[in-house]
Protein chains: 2
Amino acid sequence: MYRSHSCGELRASHVSQEVTLAGWVQKSRDKGFMIWVDLRDRYGITQLIFDEERTPANVFEKAKTLGREFVIQVTGNVIEREAKNAKIPTGDIEILVTELTILNASLLPPFTIEDATDGGEDIRMKYRYLDIRRNPVKNSLIFRHKVTMEVRKYLSSQEFIEVETPYLIKSTPEGARDFVVPSRMNEGQFYALPQSPQTFKQLLMVGGMDKYFQIVKCFRDEDLRADRQPEFTQIDCEMAFVEQEDILNVFEGLTRHLLKEIKGIDVEKFPRMTFDHAMKTYGNDKPDIRFGMEFGELNDVAQHKDFNVFNSAELVVGIAVPGAASFTRKEIDKLIDWVKRPQIGALGMVYVKYNEDGSFKSSVDKFYDQEDLAKWAEKTGAKPGDLICVLSGATNKVRAQLSALRMEMAERLGLRNPEEFAPLWVVDFPLLELDEETGHYHAMHHPFTSPKPGQLELLDTNPSDVKANAYDLVLNGNEIGGGSIRIHDKQMQAIMFKHLGFTEEEAKAQFGFLMDAFQYGAPPHGGLAFGLDRLVAILGGQETIRDFIAFPKNNSGRDVMIDAPAPIDDEQLKELSIKLDM
Amino acid sequence: MYRSHSCGELRASHVSQEVTLAGWVQKSRDKGFMIWVDLRDRYGITQLIFDEERTPANVFEKAKTLGREFVIQVTGNVIEREAKNAKIPTGDIEILVTELTILNASLLPPFTIEDATDGGEDIRMKYRYLDIRRNPVKNSLIFRHKVTMEVRKYLSSQEFIEVETPYLIKSTPEGARDFVVPSRMNEGQFYALPQSPQTFKQLLMVGGMDKYFQIVKCFRDEDLRADRQPEFTQIDCEMAFVEQEDILNVFEGLTRHLLKEIKGIDVEKFPRMTFDHAMKTYGNDKPDIRFGMEFGELNDVAQHKDFNVFNSAELVVGIAVPGAASFTRKEIDKLIDWVKRPQIGALGMVYVKYNEDGSFKSSVDKFYDQEDLAKWAEKTGAKPGDLICVLSGATNKVRAQLSALRMEMAERLGLRNPEEFAPLWVVDFPLLELDEETGHYHAMHHPFTSPKPGQLELLDTNPSDVKANAYDLVLNGNEIGGGSIRIHDKQMQAIMFKHLGFTEEEAKAQFGFLMDAFQYGAPPHGGLAFGLDRLVAILGGQETIRDFIAFPKNNSGRDVMIDAPAPIDDEQLKELSIKLDM
């Protein structure tokens with residue numbers, strides 16, 4: 001046995017026991033006649049003491065050679081500390097060491113193994129195994145484990161069955177970003193890695209599994225934005241014989257369970273909001289509702305005056321930033337620069353200070369009198385002391401811009417408290433989305449999503465107006481889950497494929513098995529998938545997902561630790577019947 | 001709400017309640033004035049009754065149109081059955097239907113959805129979603145879920161943390177059977193899918209995670225034998241600061257927990273056996289110890305007589321088949337034919353009948369007298385009534401042949417009871433294995449396995465004799481898990497790579513990250529992986545793993561349901577910078 005106790009376990013009640021510990025040297029202080037070592041393992045830190053008088057001479061000498069991150073095993077007696085450390089659970093005791101074995105030496109680590117390390121992102125990724133020793137990463141991984149255990153426990157208690165679906169599947173034309181895998185045994189043919197187990201979970205419903213879930217890796221070969229990974233994890237769920245209401249209730253239950261078990265927080269019934277309302281009120285289909293600053297549309301009260309910028313705009317819309325009437329001219333100028341940055345793209349910003357005395361001072365006083373501005377205040381819900389920020393332009397664009405400004409102001413005002421949780425269902429998403437480049441419609445959720453009852457006829461005349469039985473679960477401004485009631489009728493699925501531009505042949509070649517399945521008694525069904533990486537990061541109160549993934553890839557999709565991807569040799573290519581074409 | 005209850009839920013206590021059920025038509029019997037329908041869902045079967053007198057006419061007419069596997073929703077009253085069916089939990093009641101909705105019709109299924117279906121393997125795989133509706137498959141998947149939940153609960157309770165390791169990793173020369181994945185973003189480079197998360201779990205130990213597990217898909221692109229899959233699932237585990245004894249104890253605990261929770265069986269402490277002993281006594285490193293028939297080596301007592309077949313053999317070895325002395329001449333001839341089949345490959349078989357009267361009758365009476373044969377009986381542990389079967393030849397070959405015969409006889413004698421569980425640890429495996437074709441040694445377990453202490457020196461002189469800190473968990477003649485204490489020292493790992501034929505450069509290119517990691521305080525560590533597919537099949541009392549996998553592939557690695565793998569189009573190949581080379 002390498003150890004009798006962990007480094008996080010010993011208390012005053014253990015005093016005078018002989019114990020054996022093993023772990024890493026966090027740090028050591030050598031005072032000549034006395035050496036203190038902080039010994040660390042996953043469970044905590046225990047102080048070791050080597051004393052010239054009381055420690056055997058050879059052990060004392062060996063202790064002098066210990067460096068940071070050496071792996072050692074010690075035996076000794078638990079004694080009460082003179083100077084107790086209330087900050088750590090083992091702070092009442094220390095170990096007076098009698099035996100010391102160096103299990104493995106260590107080079108000086110390339111960065112400090114401390115909560116606030118001196119290592120940059122790149123070096124930490126290259127030596128990720130050292131980074132994982134740091135509490136922020138280690139605790140994030142343990143936290144992730146706790147979340148997934150709770151997910152599994154809850155869903156199992158609700159009679160969901162976890163079923164593993166295959167990773168080696170078939171590439172689809174929808175799957176332009178599929179990773180593919182050449183098959184050695186089937187020359188010239190390829191598997192694809194799943195972007196999600198969508199069709200398989202639907203087939204499980206056709207197969208009568210009734211309630212399915214899976215915590216599963218998914219893959220997408222796309223250009224990576226800052227916080228995306230080519231492989232990511234979903235909590236994938238599907239239920240048969242359900243309507244939207246059933247699904248919302250079950251997964252609201254799951255989310256509430258997680259908030260309760262993991263964070264100790266009780267949350268009220270989740271509010272619901274239509275997609276249209278979310279866009280109108282927050283400029284965004286995943287609004288952060290931990291704070292207000294709801295949009296006030298000002299066309300009625302700001303147009304038809306002499307201010308041409310507004311008169312020519314499709315939408316004039318503003319928010320009231322609480323307490324910001326006190327901004328200096330310089331601060332406001334900076335804010336105007338901020339909205340004019342290319343990432344935001346506004347051409348300018350009109351502002352109105354709602355002074356504490358009830359008067360208004362705006363950047364457009366030339367065009368609007370106090371009475372006009374009072375109407376703006378009413379529409380944006382402004383109170384004395386607030387700053388009304390107004391943008392104008394094409395509806396979709398200006399909503400996105402004002403949404404960005406709203407989030408930025410909330411950030412600056414400290415309204416985005418990571419320990420406050422405001423979940424929200426957004427429902428009634430459009431079925432189709434117009435790709436403005438190609439002029440084609442594509443499925444906003446995916447091609448298997450059902451339209452709302454009675455809207456099928458609209459598909460031919462007003463495709464953009466058709467609403468879907470689709471819903472997102474939003475938490476603190478992040479989409480953490482999304483799903484839909486699926487089509488379970490062969491004819492309706494065929495109509496959908498047609499509207500998405502598939503020929504009958506293409507639909508059959510790619511999804512023939514699903515269309516076939518719908519002919520043999522497919523039940524009504526629907527589901528939802530959570531993005532696990534994002535969910536745990538938000539529950540953990542973090543902005544970025546990387547610390548919640550043991551071995552993440554960088555923005556070029558590379559694992560810099562193992563140096564993958566990498567070339568493979570010609571023999572292997574030959575076996576796979578492919579060659580490079582560069 | 002589609003239903004108020006499931007089809008497995010209603011009992012006599014529900015009589016006179018109005019309920020709504022939904023499910024599949026298992027079968028219907030139309031007696032003209034009365035129609036009975038068995039309605040099925042995942043949870044059970046409930047009998048519906050449509051009665052010309054009591055059921056609304058339009059409902060009654062609609063009920064006449066119902067075919068097998070139609071998906072329907074019914075509302076009606078729970079009534080007591082006249083003829084109760086004690087075989088099913090809902091057998092006391094039936095539903096007198098008042099409303100009927102056909103949710104989806106069904107074509108006639110290509111095979112019957114019954115426990116004993118008329119569908120062959122191929123058609124069941126093509127329509128796997130229908131096959132899953134059958135109890136044997138459905139229950140196997142639910143059983144698998146229960147096993148994995150128990151695994152997770154147990155390991156979590158032992159402070160193991162489930163950590164997801166990456167699927168897009170790096171191909172290694174050891175990995176001749178890697179599936180590879182071309183990277184679009186890194187032209188001409190490839191990821192590999194993991195054959196196991198071996199190096200990552202070791203890095204997690206270097207990273208201080210202390211106790212890791214993961215239920216994880218692994219991939220191997222090899223020619224598939226009957227019961228292998230290109231993607232398979234492991235329960236992958238690793239621990240730091242452990243010796244072999246610690247690992248055996250923990251995973252014996254896990255296995256015992258599963259047998260108790262899943263099967264309700266208490267098992268004694270698992271016996272342990274060295275690899276050498278297993279080979280000598282069972283001709284096999286995964287002996288089925290639910291029955292005896294241990295090998296008796298007969299060289300001492302059978303050689304140096306006039307029987308040249310034995311005299312020239314490296315090994316003469318026999319088993320006593322209980323009660324088989326009564327075999328007729330014809331039965332014995334058939335058995336001799338059996339061992340001479342190419343799959344077994346024996347040149348012949350000598351037999352001795354140990355008659356109930358204590359006399360012996362053998363096929364070699366010309367060469368051996370009763371006293372000689374009594375010695376054979378002693379060596380093989382034969383009792384009156386047994387048949388001693390003796391094979392001879394080169395040691396390894398003849399052991400394999402006799403092992404096959406032993407299993408066959410056990411099968412015929414009904415000694416392989418699937419509801420009896422006999423776990424066994426096999427320990428002290430050889431470190432290296434000689435590839436007789438190439439004359440090179442390769443790692444029997446894998447290149448990261450440590451030799452037993454003090455045996456490093458033997459590597460140069462007697463490589464075959466070096467024993468490893470490696471162990472297998474065997475259950476009923478199947479290896480269900482295997483593992484080892486790993487090397488955690490850079491120098492020793494370098495020596496191992498050298499002996500496995502890696503140049504220093506190759507070792508660095510492939511495993512440099514691991515060798516680097518060993519320099520920064522790698523703790524002693526070791527682990528084990530269970531083959532989940534096999535484990536659940538054995539626990540489920542089945543011979544084959546296929547029913548425990550929702551969507552298995554066939555022997556050519558194809559998913560015949562979705563028809564994968566498949567060709568991909570030129571554009572996609574171009575994006576990946578590869579072309580076909582056939």
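Does Tyr129(A) count as buried or exposed, and at what relative accessibility? In this predicted model, local features were considered at pLDDT of at least 70 and side-chain atom pairs at pLDDT 80 or more, whereas totals for chains, interfaces and linings use all residues. Residues are numbered from 1 along each chain as its sequence is written, chains are lettered from A and ligands numbered from 1 in the order in which they are written, and side-chain values use heavy atoms, with hydrogens and water left out.

Tyr129(A) counts as buried, at 1% relative accessibility, where buried stands for under 20% relative accessible area, exposed for over 50% and partly exposed for values in between, with a 1.4 Å probe and protein chains only. Tyr127(A) is likewise buried, at 13% relative accessibility. Aromatic pairs were counted for rings of Phe, Tyr and Trp (its six-membered ring) with centres within 6.5 Å, planes under 30 degrees apart being classed as stacked, over 60 as edge-to-face and the rest as tilted, and this rule gives 51 such pairs over all chains. In the pair formed by Tyr127(A) and Tyr129(A), the ring centres lie 6.1 Å apart and the planes stand at 75°, so the arrangement is edge-to-face. The ring of Tyr127(A) also has the charged end of Lys126(A) over it, 5.7 Å from its centre, and in chain B, Lys126(B) lies over the face of Tyr127(B), at 5.7 Å from the ring centre; for such an assignment, NZ of Lys or CZ of Arg must be within 6 Å of the ring centre and within 35 degrees of the ring normal.

Chain A as a whole contains 17 helices and 23 strands, taken as DSSP runs numbered from the N terminus (helices H or I, at least four residues; strands E, at least two). Its C-alpha atoms fill a box of roughly 90 × 75 × 50 Å along the principal axes, and 59% of its 582 residues count as buried. With contact defined as heavy atoms within 4.5 Å, 66% of the contacts in chain A between residues at least 6 apart in sequence join residues at least 24 apart.

A further aromatic group in chain A is a cluster in which ring pairs link Phe307(A), Phe310(A), Phe367(A), Tyr368(A) and Trp376(A). The backbone oxygen of Trp376(A) lies 2.9 Å from a polar atom of the side chain of Thr380(A), a polar contact being a pair of N or O atoms within 3.5 Å in which, within protein, one must be able to donate a hydrogen and the other to accept it, residues adjacent in sequence counting only if both atoms are side-chain atoms. Thr380(A) is placed in helix α11 (residues 370–380) of chain A and is buried at 7% relative accessibility. Leaving aside residues up to four places away in sequence, Thr380(A) touches residues including Glu294(A), Leu298(A), Ile319(A) and Ile388(A).

Gly482(A), in strand β21 (residues 478–485) of chain A, is buried at 9% relative accessibility. With residues up to four places away in sequence again left out, Gly482(A) touches His445(A), Tyr471(A), Asp472(A), Leu528(A) and Ala529(A).

In chain B, helix α10 (residues 329–340) has twelve residues and reaches 17 Å from its first C-alpha to its last, close to the 16 Å expected at 1.5 Å a residue, the expected span being 1.5 Å times one less than the number of residues. The buried residues of α10(B) are Ile332(B), Leu335(B), Ile336(B), Trp338(B) and Val339(B). They cover an arc of only 155° around the axis, which puts them on the same side of α10(B), the arc being that of the directions from the helix axis to the C-beta atoms. These buried residues pack against β14 (350–354), β16 (387–393) and α12 (395–412) of chain B, while the face turned away from them carries the exposed residues Lys330(B), Lys334(B) and Asp337(B).

Some backbone features remain to be described. A cis peptide bond, with omega about 0°, joins Ala564(A) and Pro565(A), and Pro565(A) is in the loop between α16 (532–539) and α17 (570–575) of chain A. In chain B, a cis peptide bond joins Ala564(B) and Pro565(B), with omega about 0°. Asn476(B), a residue other than glycine, has a positive phi near 55°; Asn476(B) is in the loop between β20 (470–475) and β21 (478–485) of chain B and is buried at 4% relative accessibility.
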